[in-house]
Every structure is written in C-alpha cells, then in structure tokens.
Amino acid sequence: MITQQQLRELCKPQHDRAETTTLAQQLIAGTISSQHYKQLCYQLYLIADAIESRYVFLEPDLQRRNQLVLDLASCEGSVSACKSTLTYVEHIASRSTRELRAHIYVHYLGWLYGGQMIAKKLSLPTNHLRFANPKACVDHMRNMILVDLTEDDAHEAIAAFDSIIRIYDEISA
C-alpha cells in the first residue's frame, strides 16, 4: 500500500513535465488560442467520457462530460480526436474499474486544483473547471476513491500523465 502523498511524489516528475509543455504554459498564462482550447476540450471530453461511462462512483458534481460539452459549444471552429487521445482512450477502456482511479486522480484532481488557477486566467469558457462544491469533491476523492492505493496505481497515474503530455504536444504541434 502507498499513501496519497506517496502517489503524488511518485508522479511528480511527470506532473512537472506536463506543466511545462507549451500547451500547459499557454493555459497557465491564459494565452491559449480559442482553436487550441476547443481542441483540448474535445480531447478532455473523450477522456472524461471514457472514464465516466465506466466508473459509476463519481459524485454528480465531479462528472465533467456535460460541462465539457458546454465549453465546446461556446467555442468556434471544428475539432477532431487526436491520435494520442484515441490511443489513451483505448488504454482507459482496457483498464479495470480499480485501475481507473489513477486516471481520475490525474484528471479530476487536476481540474479541481490547477484548473481553478487556469479558470481565472482564461477568457474562454471554463464550465468544466467549475464545481458547485470543490472541497466536497476533493473530500469524496480522497475518502472514497483514492483509498487502498498501491504501486500499480502510481504506475497507472504515470501512464495517464505521459498520455496527457502526448496529447498536449500533439495539439500544440
């Protein structure tokens, strides 16, 4: 077994790498183009759909699919699935429900924490970064989802970060 703190430490190199990609830096600075943002939201929708269609233990306030649809509808331009996203979604589909926890850790805690900072910087729609009760969502994740963690969860979270880095790089290429 590992603690949530140990999970965070084991994932830190990939987390830091994801934060330093061109796309993440544009998000953090609030300078991402509307087209890149819409493309990103579509990839995130595909990821959230892959997770939420299989993991039924998410509180309604944590579910992001509908909020991502709202963000997509508010942005101009067309979108398509990135090859790296399709590969990642296939990976998610091949995981057990238990293994999905690592992907929830990477994406949903990311939206709850870093997403709050990003939402303040963006002039684009940020419905998927708004939660009715962020503290209750974090508590639910920590107390109901991220329990009895193992090193396998850390390996799966690292794979999730590696996938999102590939997606970010593909969008910004």
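**A walk through the cavity, the pocket and the helices**

Two nonpolar residues, one polar residue and two charged residues make up the lining of the largest cavity, where Ala, Val, Leu, Ile, Met, Phe, Trp, Tyr, Cys and Pro count as nonpolar, Asp, Glu, Lys and Arg as charged, and the others, Gly among them, as polar. The model is a predicted one, in which local features need pLDDT of at least 70 and side-chain atom pairs count only at pLDDT 80 or more, while totals for chains, interfaces and linings use all residues. Residues are numbered from 1 along each chain as its sequence is written, and side-chain values use heavy atoms, with hydrogens and water left out.

The lining residues of this cavity are Gln4, Arg8, Tyr105, Leu109 and Arg142, and the helices α1 and α6 each supply at least two residues of that lining. The space inside the largest cavity comes to about 30 Å³, and the structure holds one cavity of 30 Å³ or more. A cavity is a set of points on a 1 Å grid over the protein atoms alone where a 1.4 Å probe fits but cannot get out, a pocket is an open set with protein on both sides within 12 Å along at least five of seven lines, and lining residues have an atom within 4 Å of a point. Grid points are joined across faces, edges and corners, and a volume is the space filled by probe spheres set on the points.

The largest pocket has a volume of about 760 Å³, and of the 31 residues that line this pocket, His15, Val106, Gly110, Trp111 and Gly114 are the closest to its centre. Its lining divides into 19 nonpolar, six polar and six charged residues. At least two lining residues come from each of α1 (4–19), α2 (22–29), α3 (34–52), α6 (97–112), α7 (114–121) and α9, with α1 giving the largest share, eight residues; helices here are DSSP runs of H or I with at least four residues, numbered from the N terminus.

The helices α6 and α7 pack at an angle of about 45°, with their axes 3 Å apart, each axis being a line fitted to C-alpha atoms over the stretch in contact, and angles running from 0 to 180 degrees between N-to-C directions. The two helices α6 and α7 are therefore oblique to each other, since angles under 35 degrees count as roughly parallel, over 145 as roughly antiparallel, 65 to 115 as roughly perpendicular and the rest as oblique. Leu109, Gly110, Trp111 and Leu112 of α6 make the contact with Gly114, Gly115 and Gln116 of α7, contact meaning heavy atoms within 4.5 Å.

For α2 and α9 the angle is about 80° and the axes lie 7 Å apart, so these two helices are roughly perpendicular to each other. Thr22, Leu23 and Ala24 in α2 meet Tyr168, Ile171 and Ser172 in α9, and this contact of α2 with α9 has four nonpolar, two polar and no charged residues.

Helix α9 (residues 151–172) also contains Glu156, which is buried, with a relative accessible area of 7%, buried meaning under 20% with a 1.4 Å probe and protein chains only. Beyond its neighbours within four places in sequence, Glu156 is in contact with His91, Arg95, Glu99, Ala102 and His103.

Helix α3 holds Cys41, a buried residue with a relative accessible area of 1%. Leaving aside neighbours within four places in sequence, Cys41 contacts Leu68, Asp71, Leu72 and His128.

Key: Buried < 20%, exposed > 50% of the residue type's maximum accessible area, 1.4 Å probe, protein only.
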